[in-house]
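Have the model open as you read.

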Amino acid sequence: MAPPFIARLFQEIPGVQYLKLEDPPTPTKITAIRALAGDDLAIFGGLGGMYLLDELTRGSAGAMTGFAYPEVLVAICRHMAEGDRKQAEEVFYSHLPLLLFEFQEGIGVGIRKYALQQRGLISSGRVRHPGPQITDETRNEFHQLASSVGL
């Protein structure tokens, strides 16, 4: 949806209070929507949190994503809300490799479910058909990467 259409929906339909953006480039789209709709429309980024830092800078309310480590996203949002961009950047950039790894097209859900299973949050990492299961090699890569970012 184009920013003018989103702004019109927000202005004309009282029930429209939130927006989740999934079509990149999300930061520039947030700016365009803010210019038309103002600050009262709460905008959340998606896309695995890959653009969270820039989205927050442009005025997003946070992220709505399935990333298996939501505490990382919470820390980034908290630091930005407290005005500590340097710390937000440190957390974001130190975990970005894992965000990117988990958001891989085609196998991201499998990686995410495996991560959640490894954390003890779900009992099975199995992906429903037709989604592909991740390989042992991908599991090993996940463990190496999670370890390298301190998780």
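Contact here means heavy atoms within 4.5 Å. Helices (H or I, at least four residues) are DSSP runs, numbered from the N terminus. You're looking at a predicted model, where local features need pLDDT of at least 70, side-chain atom pairs count only at pLDDT 80 or more, and totals for chains, interfaces and linings use all residues. Residues are numbered from 1 along each chain as its sequence is written, and side-chain values use heavy atoms, with hydrogens and water left out.

Start with helix 1 (residues 3–12) and helix 2 (residues 26–37): their axes come within 9 Å and cross at roughly 45°. Axes are lines fitted to C-alpha atoms, for helices over the stretch in contact, and angles run from 0 to 180 degrees between N-to-C directions. So helix 1 sits oblique to helix 2 (under 35 degrees is roughly parallel, over 145 roughly antiparallel, 65 to 115 roughly perpendicular, and the rest oblique). On the helix 1 side you'll find P3, P4, I6, A7, F10 and Q11, and they meet K29, A32, I33, L36 and A37 of helix 2. By type, that contact has nine nonpolar residues, one polar and one charged. Ala, Val, Leu, Ile, Met, Phe, Trp, Tyr, Cys and Pro count as nonpolar, Asp, Glu, Lys and Arg as charged, and the others, Gly among them, as polar.

Now jump to helix 6 (residues 108–118) and helix 7 (residues 136–148), whose axes come within 11 Å and cross at roughly 60°. That makes helix 6 oblique to helix 7. Here I111, Y114, A115 and Q118 of helix 6 touch T138, R139, F142 and H143 of helix 7.

Methods
Helices (H or I, at least four residues) and strands (E, at least two) are DSSP runs, numbered from the N terminus.
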